[in-house]
Amino acid sequence: MEIISQNFLPHCSLVTWSSNRLVPNRSNILLSSSGIKKSRSVIRNGTSDGYVVGENEDLGSLARRGDSKSKLLIPGLPDQSNGEASAARITPSQCEWKPNLTVHYEKSGCENVEAPAVLFLPGFGVGSFHYEKQLTDLGRDYRVWAVDFVGQGLSLPTQDPTTTTMSEETSSLEDSESFWGFGNEAQPWADQLVYSLDLWREQVQYIVEEVIGEPVYIAGNSLGGYVALYFAATHPHLVKGVTLLNATPFWGFFPNPVRSPRLARLFPWSGTFPLPARVKKLTELVWQKISDPESIAEILKQVYKDHSTDVDKVFSRIVEITQHPAAAASFASIMFAPGGELSFSEALSRCKENNVQICLMYGREDPWVGPIWGKKIKKELPNAPYYEISPAGHCPHDEVPEVVNYLMRGWIKHLESGGFEALPLLEDGEEDWEQSSIAREMEFPRGEGWKKSVKLWLYGSKYSFWGGVGESFRASLVKVLRGKSV
């Protein structure tokens, strides 16, 4: 087995010999390699231990079409106890965006003044804390932000958005004491407030323009992926690249009043405050169930493929959020909010029109937003790099952060260099990679004294969507048959 060590600190460059000169290999996605003669010798700058020298065809054959004879070593997360480079320090911050709507965000790497800015958007029910492993690691090289959407995380309102008059019944008064938003009149600052895609898109615009102050690389998991794509579609000049981490392609079950005003009028309530009486009762029943710690633990068990992953901190933060008096009514507002002015598909089309660079990173074992959704995006954007990680579930950035951070570094370097730096897994200089998929076994240190390995695929621009669907079906069938044989 060949072991290839690779580290983006410094980045592993690939140099190929062409005729009578050395030329850096360029990506097949952003820059065609036509005119550069395919060479045999490759020299790759690895870790500080030295170089790996080999044959171009040999390296390519090891990596192509799912062959995992080659194992790629990548860095683990920073661990100060082992004398590694210090982890980037996370700084919690907040700003008042609108009256009584304080936005919580976390940042790291602010001392890297010349480095690109990277913004992470969370999924539903979590917050910036879900990106701690990106903040501490990527913050060593970039300026990194992670934000809590208003109505979630630590960006819940600082006051009750409703008031209760003396004419309300005693039971309602008791409800209003335990749940903010259960009153019968909206506060002036909360008039027409609804926690929706359009509100979060406006929030991201504020963060990028007023807090970060420059265009960003934006990444989002699940709901955050939808918002990231939506924001890029409407503000392409503020986005340098979008990374979708198991992004949900749908959100909001009710018609948007701007794009469908007549249809929207058929629905008596659209997530604004105060909550209607029937919605209050429904919310109490549902909230009692989903906010129970056992239910939260069960959900985490579903979305994480590797149950050895330590989710104690994530679990405790989610439980803490559910105890906020505004959490239940905010949940109801989110669930009944209208969809965005642009659907996911429309946002994707607009990004394509504006040449917004998009990278896809999907956990293969996601039970909620399976890779089939990533493959549908890949079909629409053939030149977008599409990576699949296995085993990994709905939150690959937290379950296998070493791999996601490795890919993020390579993706950003690729774009910052205008395609001069090769994409991750393309360091072998394969000119025909778009014809098939490339697979590698990735190994990285995890904890003291042991290593973890996962499999990583990169799908080419001529990847067949239906072929991928068939591949997924066959893989599922094999698992079922293996289970029966056992």
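Tutor: Let us begin with a single residue, remembering that this is a predicted model: cysteine 351 has 0% relative accessibility, and it therefore counts as buried, because the cut-off for that word is under 20%.

Student: Is cysteine 110 buried, exposed or partly exposed?

Tutor: Cysteine 110 has a relative accessible area of 35%, so it is partly exposed.

Student: How many disulfides does the structure hold?

Tutor: In general, a disulfide is a covalent bond between the sulfur atoms of two cysteines. In this structure there are zero disulfides.

Student: Which residues lie on each side of strand β15?

Tutor: The general idea is that side chains in a regular strand alternate between the two faces of the sheet. In β15, which spans residues 358-363, one side carries Ile358, Leu360 and Tyr362, while the other carries Cys359, Met361 and Gly363, and all of these are buried, leaving both faces covered.

Student: Which strands pair with β15, and in what sense?

Tutor: Strand β14 (residues 239-245) pairs with β15 in the parallel sense over four bridges, and strand β16 (residues 386-390) also pairs with β15 in the parallel sense over four bridges.

Student: What unit do β15 and β16 make with helix α12?

Tutor: Together with helix α12, which covers residues 371-380, the strands β15 and β16 make a right-handed β-α-β unit.

How values were computed. Residues are numbered from 1 along each chain as its sequence is written. This is a predicted model: local features need pLDDT of at least 70, side-chain atom pairs count only at pLDDT 80 or more; totals for chains, interfaces and linings use all residues. Side-chain values use heavy atoms; hydrogens and water are left out. Buried means under 20% relative accessible area, exposed over 50%, partly exposed in between (1.4 Å probe, protein chains only). Helices (H or I, at least four residues) and strands (E, at least two) are DSSP runs, numbered from the N terminus. Two strands pair if DSSP finds at least two bridges between them. A crossover is right-handed if, with the strands pointing away from the viewer, the path from the first strand over the helix to the second runs clockwise. A disulfide is a pair of cysteine sulfur atoms within 2.5 Å.
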